[in-house]
Amino acid sequence: MFSKLNSFLIIILSALSQFTYAQEPVTPEKFTKHNKGKLYFFWGGNRESYTKSDIRFKGDDYDFTIHDVVANDKPKGWHIDYFNPARITIPQTNLRIGYFINDHYNISIGVDHMKYVMEQNRAVDINGFYPNEGTYGESLPNNQVLLTEEFLTFEHTDGLNYVNTEFSRVDDISKIFKINNTDKFQINLTEGVGIGLLYPKTNAKLLGKERHDDFHVSGYGFSAKVGLNFTFFKYFFIETELKGGFIDMNDIRTTNDASDSASQEFFFLQRIIALGGIFKI
């Protein structure tokens, strides 16, 4: 009799436990809790700053270096050209596609389309030689020249293209701001390092020669970044970044003569703001 009673109690308790379990609400896991396996992309604009650089120009009948050259970017401002396929290379832009290999780390490839314009009509130190010295309105005393348009114009405006791969880390810092529902709004901190090639289309007018007008692999660069990512409704985000790095271009095409080239190296700092999306694949 006691055996039958025990069996009956076990059946009752089992049924009650199953009923209780069935009544407990099931909370689905947030989309933003994990990143592994997600693909993301973004598109945006940038502003740049550059350190001074020494630029060496050499050819069959000249070899000279101008020192401490100052250069600036060429901003477009807020403009529809950022989204116009026919004019999309005119602004300074950033394109990136990446994949999360786990919840915190991702690998990406991208193009930082920067612009570099040497300041004209500045006096700079020079050493070396070139033909017809003094005929370009450039001659100054004390081994200096004036960077007149007749003597030299030099810019990477289509552009200073840094084609690179990055390895980055992302951390959710929403709790610091007391944000609980990260599927509605999430704040992430990101840091990363990158390396890549420089593929500029350099616009140079040198000593009256016809300029070279084609893209050319001119050197390499490496970079590091830190940024904030603001994700809205799981799939869409705004990302702001500070990215700094070093560029060494030792084979810049300047004219249609293949024997003519230039070389330079400098540091850069980018300020980036971009719009993007992130999806599970």
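User: Why is Lys225 called buried in this structure?

Analyst: In this predicted model, Lys225 has a relative accessibility of 7%, and since a residue counts as buried when that value is under 20%, Lys225 is placed in the buried class.

User: What makes the pairing of Lys225 with Glu166 a salt bridge?

Analyst: The closest N and O atoms of Lys225 and Glu166 are 2.9 Å apart, and because a salt bridge asks for a side-chain nitrogen of Lys or Arg within 4 Å of a carboxyl oxygen of Asp or Glu, the pair qualifies. The two residues sit in distant parts of the chain, with Lys225 in strand β13 (residues 219–232) and Glu166 in strand β10 (residues 152–172), 59 residues apart. Glu166, at 3% relative accessibility, also counts as buried.

User: Which other salt bridge does Lys225 form with Glu241, and what is the N to O distance?

Analyst: The side chains of Lys225 and Glu241 meet at 3.0 Å, N to O, which is a salt bridge because the cut-off is 4 Å. This pair links strand β13, where Lys225 lies, to strand β14, which holds Glu241, across 16 residues of sequence. Both Lys225 and Glu241 are buried. Through shared partners, salt bridges join Arg96, Asp112, Glu166, Lys225, Glu241 and Lys243 into one network.

User: How do you know that the salt bridge of Lys243 and Asp112 ties together parts that are apart in sequence?

Analyst: The side chains of Lys243 and Asp112 meet at 2.8 Å, N to O, in a salt bridge. Lys243 belongs to strand β14 (residues 236–253) and Asp112 to strand β6 (residues 105–118), so the pair connects parts that are 131 residues apart in sequence. Lys243 and Asp112 are both buried, and the structure holds 14 salt bridges.

User: Is Gln92 buried or exposed, and how do you know?

Analyst: Gln92 has 0% relative accessibility, and because buried means under 20%, Gln92 counts as buried. Gln92 is found in the loop between β4 (71–72) and β5 (93–100).

User: What makes the approach of Gln92 to Asp73 a polar contact?

Analyst: The side chains of Gln92 and Asp73 are joined at 3.4 Å, and because a polar contact requires N or O atoms within 3.5 Å, this pair is counted as one. A polar atom of the Gln92 side chain also lies 2.6 Å from the backbone nitrogen of Lys74.

User: What share of the protein's residues is buried?

Analyst: Of the 281 residues in the protein, 42% are buried, and its secondary structure comes to 1 helix and 15 strands.

Definitions and conventions:
Residues are numbered from 1 along each chain as its sequence is written. This is a predicted model: local features need pLDDT of at least 70, side-chain atom pairs count only at pLDDT 80 or more; totals for chains, interfaces and linings use all residues. Side-chain values use heavy atoms; hydrogens and water are left out. Helices (H or I, at least four residues) and strands (E, at least two) are DSSP runs, numbered from the N terminus. Buried means under 20% relative accessible area, exposed over 50%, partly exposed in between (1.4 Å probe, protein chains only). A polar contact is a pair of N or O atoms within 3.5 Å; within protein, one must be able to donate a hydrogen and the other to accept it, and residues adjacent in sequence count only if both atoms are side-chain atoms.
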